[in-house]
Amino acid sequence: MMKELRRDHILSLLKKHKKMENSNLQKELFCSPSTLRRELLLLEKEGLIRRYRGGVVLEVEKNHVISTRYRENVMILEKEHIAEIASTFIGPGMSLFIDASSTAKALLPYLANLSNGVIITNGLKIAYELLHVCQQDTKIYMIGGEAIKDAESVVGDYGNSFLELFHIDLCILSSTGIDLTGVYEANFAQALFKKKVMNLAEQCLLLVDYTKFEKKHAYKFSDWSSFECVITNHQPTLEYLNLARKLGVELLY
């Protein structure tokens, strides 16, 4: 198959399936692993796809909100690794805010063991699942506001006075992008909401897998210095390590 046709075929398959294993792509393209690897490297360099171990996903447009159902089915092991590290910051009797991200949702097995805690969330699905896994002495609270379908979350100004009734020990967030100058969201309402929650919390954690680095979106909701710790699944570049060290931000992976 000619190179141009192979490229078009890969993109056509990913537009249809969104996510594919390398083995299935090879069968569809009738090519060797090395040929497929070269094609995927070129497409990733152009920002059209994103590779992960054993497969590939179609990259979404900048500033586009990715649906929760899609996010829950990619980078699963990476998110579990991040959640395992983040769980060491959680203890009995704490008051937590958990956002609606699929990365934060990976914390559910650890939150199930939280005793005498308070968990506040703007995640519709997360709130429902917390009710089924948490211990009886842990209270679950849901923010009121505008429900966003793709993100399965609630945002807006309606919950601000409600949030102020709580003392939040730890705020756990993810983001759609991060670079050396800040942390970003693809949706203005999400960015504004996260910024306000962070201002009410004693400490804030940012959970981001390695694909979020060097991704800049339209709405910057925080600087690095606002986070106690940034947790990812892969060692960032030296520039990020130096920035975290300079600002006194713990960077774990």
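Just after helix H11, Gly 248 takes a positive phi of about 75°. Keep in mind that this is a predicted model.

**Helix H11**

- H11 runs over residues 238-247, and its buried residues are Tyr 240, Leu 241, Leu 243 and Ala 244.
- These four sit on the same side of H11, because they cover an arc of only 165° around the axis.
- As a reminder, an α-helix has 3.6 residues a turn, so residues three or four places apart point the same way.
- What do the buried residues of H11 pack against? Their partners are strand E10 (177-179) and strand E15 (250-252).

**Helix H10**

- H10 has 13 residues and reaches 19 Å from its first C-alpha to its last, close to the 18 Å expected at 1.5 Å a residue.
- The buried set in H10 is Gln 190, Ala 191, Phe 193, Lys 194, Val 197 and Met 198.
- Look down the axis of H10 and those buried residues fall within an arc of 165°, so they line one face of the helix.
- Phe 188 and Asn 199 are exposed, on the other side of H10.
- Phe 188 also turns up in a nonpolar surface patch of about 270 Å², made together with Leu 192 and Tyr 219.
- Tyr 219 belongs to strand E13, and with 32% relative accessibility it counts as partly exposed.

**Salt bridge Lys 194 to Asp 99**

- Lys 194, listed above among the buried residues of H10, forms a salt bridge with Asp 99, with the closest N and O atoms 3.3 Å apart.
- Lys 194 lies in H10 (residues 188-200) and Asp 99 in the loop between strand E4 (95-98) and helix H6 (102-105), so the pair ties together parts that are 95 residues apart in sequence.
- Are the two partners buried or exposed? Lys 194 counts as buried at 6% relative accessibility, and Asp 99 is buried too, with a relative accessible area of 1%.

**Salt bridge Lys 105 to Glu 129**

- Lys 105 forms a salt bridge with Glu 129, and here the closest N and O atoms are 3.0 Å apart.
- Since Lys 105 lies in H6 and Glu 129 in helix H8 (residues 124-133), the pair ties together parts that are 24 residues apart in sequence.
- Lys 105 counts as buried at 16% relative accessibility, whereas Glu 129 counts as partly exposed at 27%.

**Salt bridge Lys 216 to Asp 179**

- Lys 216 forms a salt bridge with Asp 179, and the closest N and O atoms are 3.5 Å apart.
- This pair links distant parts of the chain, 37 residues apart: Lys 216 is in the loop between strand E12 (201-207) and strand E13 (219-222), while Asp 179 is in E10.
- E10, remember, is one of the strands that the buried residues of H11 pack against.
- Lys 216 is partly exposed, with a relative accessible area of 42%, but Asp 179 counts as buried at 8% relative accessibility.

**A shared network**

Technical notes. Residues numbered from 1 in each chain as written. Predicted model: local features only at pLDDT ≥ 70, side-chain atom pairs only at ≥ 80, totals over all residues. Heavy atoms only, no water. Buried < 20%, exposed > 50% of the residue type's maximum accessible area, 1.4 Å probe, protein only. Helix = DSSP H or I, 4+ residues; strand = E, 2+ residues; numbered from the N terminus. Arc of directions from axis to C-beta. Contact = heavy atoms within 4.5 Å. Salt bridge = Lys/Arg side-chain N within 4 Å of Asp/Glu carboxyl O. Patch = residues over 30% accessible without salt bridge, like charges linked within 9 Å, V, L, I, M, F, W, Y side chains within 5 Å. Areas by Shrake-Rupley, 256 points an atom, 1.4 Å probe, with all protein chains shown as cover. Expected span 1.5 Å × (residues − 1).
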